[in-house]
Protein chains: 2
Amino acid sequence: MKATYMFGAGDVRVLDVPDPRIVDPTDAVVRVVRGCICGSDLHPFHTMEPTEQGSLKGHEAIGVIEEVGPEVRTVAPGDFVIMPFATQDNTCVHCRDGVHTSCVNGGFLAGGQSEALRLPQADGSAVTVPGVDPAAADDALLASLLTLSDVYLTGWHAAAMARVAPGATVTVIGDGAVGLCAVLSAREMGAERIILMGRHQVRTDLGREWGATDVVSARGEDGIAEVLELTDGAGSPVVLEAVGLEPAYRQAHGIVRPGGVISRVGVPQYATDPVSSRSQFSRNVTLTGGVAPVRAYIDAAIPKVLDGAIDPGRVFDMTVGVADVPAGYAAMDERRALKVMVDPSL
Amino acid sequence: MKATYMFGAGDVRVLDVPDPRIVDPTDAVVRVVRGCICGSDLHPFHTMEPTEQGSLKGHEAIGVIEEVGPEVRTVAPGDFVIMPFATQDNTCVHCRDGVHTSCVNGGFLAGGQSEALRLPQADGSAVTVPGVDPAAADDALLASLLTLSDVYLTGWHAAAMARVAPGATVTVIGDGAVGLCAVLSAREMGAERIILMGRHQVRTDLGREWGATDVVSARGEDGIAEVLELTDGAGSPVVLEAVGLEPAYRQAHGIVRPGGVISRVGVPQYATDPVSSRSQFSRNVTLTGGVAPVRAYIDAAIPKVLDGAIDPGRVFDMTVGVADVPAGYAAMDERRALKVMVDPSL
């Protein structure tokens, strides 16, 4: 089968490899129906040291179970499932706390940009979508279900960790797919004012459709000044940081209101916090967020997608077959695409 | 009058200076009934660069108003008041948000280790205690009222920012006066299990009286291991960090449960966060706390002290006159005293 590997910065290759097989008794093998490229895949695409063996890519996918290991109890061949980007047993102390990304038996999904993948901890990591036949479902529905493996629920996590409440004023930094999903989630939670910081109009237009009431295209000091002006000079009580780069994080501190909260879901590309501890402390800024425990949110999200209440699949604006995944990376890197779906049937 | 100044590390002097007077029309002049030395005063006591002019010390005090400026409306000569360590107008946008320490007209109280002080923004910064005559009140009541200017409500802030709720498991790092007040506050908020990390038995004994269910005297890796063992190996859902030094902060990260919260009220003595952003992010740790907006909490706290429901004044275990404030610093620095009260009548 075809599988996507990264061998270093800018070096994504599609290889012919043997089909995945059961290794641990809790594994499943899943035929990929749709996968995609994540904004976080671009970080190693820019910085990864060259390696000989390469790294299997793709941590977001929906698919059909082909085979299960002898200890798998809750899913069976033929089931159509969503796979959260983090794998988990869904039974350990951290899973019971709702922090599935810290599962003691957890890891990250790999192989979502391939024709099939090995899914560890299948009982905890595969979430069945009831009543949907992927062969008959329309593309828009599959796209929205695919977002439940990461991007929509990562946006949701940003807003949930910030405890966005009805009437809230929220600023979202970043008009990537996660940022737009954070806008949508904040609106669902009742935010009254949602300021979206981004400069790509096709994206910010979708952000407006999803609930952004203001768009600020300026960055850095100018962007900060504009958000302060929009918030009585006092700053934004809630900031959702959906980028992960240091300038975005600094911008978050520049616009957050004293006593406010910064919730970050962009994977930090800085080692230590570049903002002074003393300054955070003196302004009573709460810093929260992290890698989203998608499994904690997915059961509640599936009906919203099936009912058509939300359509997060609109973040996808390009689809490629597995053979063309490298072109998909290039398109996202060059910002010709917001988010690229992988359809192995193409 | 006598006033306490710090001129550099280890160099605290009591000087004879002119009485304070009204400078701004919103000022009051207050005769100090009780002041005290703060744990945070020890930070400059260890590190302050020598200066010619010195720095007026003492940011916690209760006293009697002697004189008010022409724009002061809500307090009058003769009123017995508590003065939060931060001054504020109590009307600006941040004060209305409850983040009085970010008041646009705010600053810090100074002169609390002197016989009298100039209080800026008296309408917002002096809180009248109804029905108490300081000349007739007993020492224990005055001591507890004095803690409402900082230490008790700083401990309260730690627990409040962490949203300690009934049934919670909370670990408090530090058996200084703020740490002990954080224990008391967590118990008031209904915490079921309170682990106090500290090694001075006279202090941890008071912590036990105030609600600590476990005391861990080990520090560093050993202390971390012990707290993990006490919390199912999973860590403490809430950590209140009441020290401010880097080892204590690292310890907080070592014991916090994934998805948990660290609330720090010890003034950070590290410039940038010494813990990797990536590690905080991957464990979904929320970092909150900051300089306590005492003014936001004080109205609710005064009746608890007057009713005898709480007795936070027990943190004081030594009292000096103004002339002996330097000896008080030495006693706290050498840990011969937990917290030193200043009684200008001595």
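**Exercise 1.** For chain A of this predicted model, state the accessible surface and what share of that surface belongs to carbon and sulfur atoms.

*Solution.* The accessible surface of chain A amounts to about 12,900 Å², and carbon and sulfur atoms hold 49% of that area. Turning from the surface to the interior, buried residues, that is, those under 20% relative accessible area, make up 60% of the 346 residues in the chain.

**Exercise 2.** Work out what radius of gyration a compact globule with 346 residues would have, and set the value of chain A beside it.

*Solution.* The rule takes 2.2 Å times the number of residues to the power 0.38. Along the principal axes, the C-alpha atoms fill a box of roughly 60 × 40 × 40 Å. Within chain A there are 12 helices and 18 strands, and of the contacts with a separation of 6 or more, 70% come from residues 24 or more positions apart.

**Exercise 3.** Identify which residues of helix α12 in chain A are buried, and determine which elements they pack against.

*Solution.* In α12(A), which spans residues 325–333, the buried residues are Val325(A), Gly328(A), Tyr329(A), Ala331(A) and Met332(A). Because they cover an arc of only 165° around the axis, they lie on the same side of α12(A). An α-helix has 3.6 residues a turn, so residues three or four places apart point the same way. The packing partners of the buried residues of α12(A) are β1 (2–8), β2 (11–16), α1 (42–47), β17 (318–320) and β18 (340–342) of chain A. After α12(A) comes Arg335(A), with a positive phi near 60°.

Technical notes:
Residues are numbered from 1 along each chain as its sequence is written. Chains are lettered from A and ligands numbered from 1 in the order in which they are written. This is a predicted model: local features need pLDDT of at least 70, side-chain atom pairs count only at pLDDT 80 or more; totals for chains, interfaces and linings use all residues. Side-chain values use heavy atoms; hydrogens and water are left out. Helices (H or I, at least four residues) and strands (E, at least two) are DSSP runs, numbered from the N terminus. Buried means under 20% relative accessible area, exposed over 50%, partly exposed in between (1.4 Å probe, protein chains only). Contact means heavy atoms within 4.5 Å. Accessible areas come from the Shrake-Rupley method with a 1.4 Å probe; for residues, only the protein chains shown count as cover. The arc is that of the directions from the helix axis to the C-beta atoms.
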